[in-house]
Every structure is written in C-alpha cells, then in structure tokens.
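Here's a quick briefing to read alongside the structure. Keep the viewer open and click through as you go.

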Amino acid sequence: MTATISFSRRLSDLAQRQPDAPAITFAPLEGPETTLGFAALDAWVEALAQFLTARGARPGRLVVFSLPNGPLHFALALAVWRCGACSLPLSPRAPQAEFEATVALLDTPIVIADRSGATVSPSALPGPGAPHGPRLPDVIAHPGKAIGSGGSTGRPKIIVDPAPWARVPGALGLLETNGIRPGQVQLVAGPLYHNSPFSWAHLGLFEGHRLILMERFDAARAVDLIERHRIQFGFMAPTMMARIANLDGIDGRDLGSIESILQTAAACPGWLKRRWIDLIGPDAVIEAYGSSEGAGFTLITGRDWLEHPGSVGRATGCALRILGEDGQDLPTGEVGEVYMRPACHPIPTYRYIGAEPTKTTPDGFVSVGDLGHVDAEGWLYLADRRTDLIITGGANVYPAEVEAALTAQPGVADAVVIGLPDPDWGKRVHAIVEPAAGTALDSKALTDALRETLAPYKLPKTIEFLPMLPRDESGKIRRAALAAERSEAVS
C-alpha cells in the first residue's frame, strides 16, 4: 500500500519518473506561452526552499505571498511546504490597508510581495534554473495551508487548515466525485489567492496533472485554451461560466475534451446551469457547495440537477442539518441555517486567526451563515447568506433568486442585488445591473419583465446600471461594500 507523502515529496517523485513531462503551461495576457517540466519545477522548488530556510521558514511558521498568477506562485507554495511551513496566498490587488490588516494578525511572518510591508521582494527570489545545495530533508507541513478571508466586512481573518499537508497518491476518494482523476489536463482560470483555484490546482499537480495556468481569466482566451490543450478538468465560478456561455459562436466550439467542470464559489442561476449542460453534457457539469472552513460539502451533477433543479446537492462525506434560530432542527422544506459536520469529526477542520470561531453545535456541527432547506430526499436548496438576506416590509427576499431572474433577461450581462435603507420598507430591494455590450436597458421594462417570475415584494424597487460590476478575479463581489457606498451617498 502506498504511504502518505508530502506534496513536495510527490513533486520530486514525479520529477524522477517523468522529468520532461509538462507540469505547468503558463498563458500570460500578452506574449507566448511557456512550459515548465516536472524536473525543472522540482529543482526550482528546492532552490526556493533553501532560500526560505535561510530566512527562517520552518514548521509552524506562516509564509505570506502576494503574487499574481504565474509559475512562481506554484513553485513558492511548494517550496514553503518543503520547508515544513504554512503557505498563505493573498491577493496582489487587495487594498494596502486590507493587506496590512491581514499581515498584522500574524506573529513574525515571512512576507513576499512587491508592496509596502513585505520582508522579501519577489525579485530577490531564485528563478528557474537557479543552483541549490544538498536537498533538504523531507518534512510534512502541519499545517500547510491558510487562506485570507473576511475583507468584505472590513475585518480580515485567516482560515488555517490544521490538517497535515500530505496525501496518498492515487487515493482520490472524494476528489473523484468532483471530477478529478490522475494525469488530466487542468485549466486553472481563477486567481490562486482564492481557496478553490489554489486547492484544486495543487491537488491536480499532486496527481500528475498538466496545469494550463491563465494569468487572468478571459472568456475567449479560456475557450481557445480548452480547444488547443484538450482541457479535461477545470474549476470555474458562475461568472466565468456565464461569460463563456455568452460568447458569440460558443455552440460551434470544440469543448468535447472536457470530462468535468467543477463549479463552486457562488449560486449558479438555473439558466446558466442548463446552458452548460447543453454545451458539455449533464455528467460533465458538477456543482459543489461548501466553505473554506472544510466542515463538509454537498455535490450534484448536471444529470441529478435536471431532476432536482435549483439544488446544490446532497451531503457528501459529511452530515447536514437545518437549524432554526433556537438551535433546533427544522422540518423538511423549511428555511433555516445550514450546519455541517465532517466525517472526520471530532478532528477540527479549521482554525481562525483574527476572528472568533463560527457557530458550532455541542455535537460538532458547524455553520458558515448560509440559509437553505432540504427536501424529503436530502437534496439541499440554498436561499442565501444570512448577512445578505433582505427583509423588506417584513418579508424575506433572497438576493440570489432575484439575481437569477435578472441574468435570465435578454441584454443583462450581470447583476447583483442588495438591500438599501428605506423609510417605508426598512430595506428596499436594489439591483445593480451590467448591460450586455451594445445593449440599452430600461428600468421599467426590466421590472415589468421580472413580474413574470418574481412575486411583487421581490421586485427591485430601484435599478442602477453600471458598465461593469466590480467583481474580483474569482467572480466574487462585495455586497456589503456596495450597500455601504450607496447608503452613505443618500445619508
């Protein structure tokens, strides 16, 4: 039986078995693609690890790196693990105040960034082909991964995965249900400072994937890469999926190599799910719902979704409960707070730095604040995050439902719905809409069209139009910041 090994040891093994096989092909915004083989990547990781060790990287210490997508991002994470330290990728585009507030939560971290507050400049790091001394002894980083979160609330926090950063090669387990198998060609389209792109890419590399890494997502470029490199697996947020689905001529493109597209990060509107099922088939469309805290996840294929439209799946490798505000289990079909408990309970799945632990029941079920209900067969249907819920005139409005109705309308490229203070309603439903290129939209006509699918109290009472919504590279948007800006403007 194959033993559990570290991620850096796995890279070294792959470098010996297939030294010239391509590990990472980088597709920059401009210029030609470049490819790094497994042996070259392994040698670079060793040089970086020795550089970091000389500067104090060791087991238990966090190494922060704020870098754009690129081969260095992977090499550096693997080098941190080779030192036994913990990787914490942060956004290179985050405001300086947010970056400083996150770093301030840590005790003497090593900070690699091209910005104020860094302790090491990326330009000082060894590059590919740099010499190195005798190899460092193999060590399993424990913990190995941390992710920054919470910036949208103005109170950054760090989520540490306390598990040993090691796996058994080929023992896919739940990875297989998410569409991963050894040796695939994986498209890495999202920003690596986000948990999902970072995790799926490194898990894939561990299983011998060739990673096709985009410097930044662009829908047309992504489709070109899928066709040319015969992409088999990839993670995408719904915004990425929508931009690809709306490309002119997409129905005539060759997406036949795709074995699975895994979607997480946000609710997927029904029209978009059906569109992708039409494009690549129901078995290749997989949606997972979970959180960086790792308490559990649900899973649903496109085939199951067609029988249970709107669901995000059934609990996989975990137990799930829907609880009311009094902490008691709610009846089937009633909306409450979603709690999960991992199969590994009572082993903890996360540790916060800079925040109090999320709500947990005495028997170990963890909540991250989402609302939803389950049906009689155990399929979970999300309503929204509790913090995003809009209570207008005493009625509950879930923004995701209104957004799905908006983005299904002709001429709407993107939409986000927030609640704004209102003297009559308490909160009014406010929509911010991005029109499709070359489209002129009318607020009244759009509201009238929504009446066919939404109850009157769910209709936006005000609509504004922006040329482009301020989503980050992963497709996420800061609702709280949008609401605060608009509330201050009218106060």
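At what angle do the axes of helix 3 and helix 6 cross? In this predicted model, the answer is roughly 75°, with the two axes coming within 12 Å.

**Helix 6 and its partners**

- Helix 3 covers residues 71-82 and helix 6 covers residues 195-206. With a crossing angle of roughly 75°, helix 3 ends up roughly perpendicular to helix 6.
- On the helix 3 side, the contact is made by H73, F74, A77, L78 and W81. Helix 6 brings F198, A201, H202 and L205 to that contact.
- Sorted by class, the contact of helix 3 with helix 6 has 7 nonpolar residues, 2 polar ones and no charged ones.
- Helix 1 (residues 7-17) also meets helix 6: their axes come within 9 Å and cross at roughly 45°. Helix 1 and helix 6 are therefore oblique to each other.
- Here F7, R10 and L14 of helix 1 meet H202, L203, L205 and F206 of helix 6. That contact divides into 5 nonpolar, 1 polar and 1 charged residue.

**Nonpolar cores**

- How many residues make up the largest nonpolar core? The count is 57, and the residues with the most contacts inside that core are L41, L52, L76, L78, W81, I112 and W200.
- Setting aside residues up to four places away in sequence, L41 touches L11, A23, I24, L36, A75, L78 and L205.
- There's a second, separate core of 35 residues, with L225, M241, C268 and I277 among its members.

**A helix wrapped up by its surroundings**

- Is helix 8 (residues 238-245) largely enclosed or largely open? It is largely enclosed by the rest of the structure, because 7 of its 8 residues are buried.
- The buried ones are P238, T239, M240, M241, A242, I244 and A245. M241 is also one of the residues in the second core.
- The cover over these buried residues includes helix 7, strand 12, strand 13 (260-263), helix 9 (270-280) and strand 24 (412-422).

**Cysteines**

- C83 counts as buried, at 7% relative accessibility.
- C268, from the second core, counts as buried too, at 14% relative accessibility.

- Most residues other than glycine have a negative phi, and most peptide bonds are trans.
- H142 and P143 are joined by a cis peptide bond with omega about 5°. P143 is in the loop between strand 6 (110-113) and strand 7 (145-149).
- Another cis bond runs from H345 to P346, with omega near 15°. Look for P346 in the loop between strand 18 (336-342) and strand 19 (351-353).
- T108 isn't a glycine, yet its phi is positive at about 45°. T108 is in the loop between helix 4 (96-103) and strand 6, and its 46% relative accessibility makes it partly exposed.
- R230 also has a positive phi, near 55°. R230 lies in the loop between helix 7 (219-229) and strand 12 (233-236) and counts as partly exposed at 35% relative accessibility.

- H194 is in the loop between strand 10 (185-188) and helix 6, and is buried with a relative accessible area of 15%. Beyond its neighbours within four places in sequence, H194 contacts D472, S474 and K476.
- N396 lies in strand 23 (residues 395-397) and counts as partly exposed at 34% relative accessibility. Leaving out neighbours within four places, N396 is in contact with L389, I390, I391 and Y457.
- N396 and P137 are 259 residues apart in sequence, and their C-alpha atoms are 57 Å apart in space.

Key
Residues are numbered from 1 along each chain as its sequence is written. This is a predicted model: local features need pLDDT of at least 70, side-chain atom pairs count only at pLDDT 80 or more; totals for chains, interfaces and linings use all residues. Side-chain values use heavy atoms; hydrogens and water are left out. Axes are lines fitted to C-alpha atoms, for helices over the stretch in contact, and angles run from 0 to 180 degrees between N-to-C directions. Helices (H or I, at least four residues) and strands (E, at least two) are DSSP runs, numbered from the N terminus. Angles under 35 degrees count as roughly parallel, over 145 as roughly antiparallel, 65 to 115 as roughly perpendicular and the rest as oblique. Contact means heavy atoms within 4.5 Å. Ala, Val, Leu, Ile, Met, Phe, Trp, Tyr, Cys and Pro count as nonpolar, Asp, Glu, Lys and Arg as charged, and the others, Gly among them, as polar. Buried means under 20% relative accessible area, exposed over 50%, partly exposed in between (1.4 Å probe, protein chains only). A nonpolar core is a set of buried Ala, Val, Leu, Ile, Met, Phe, Trp, Tyr and Cys residues joined through side-chain atoms within 4.5 Å.
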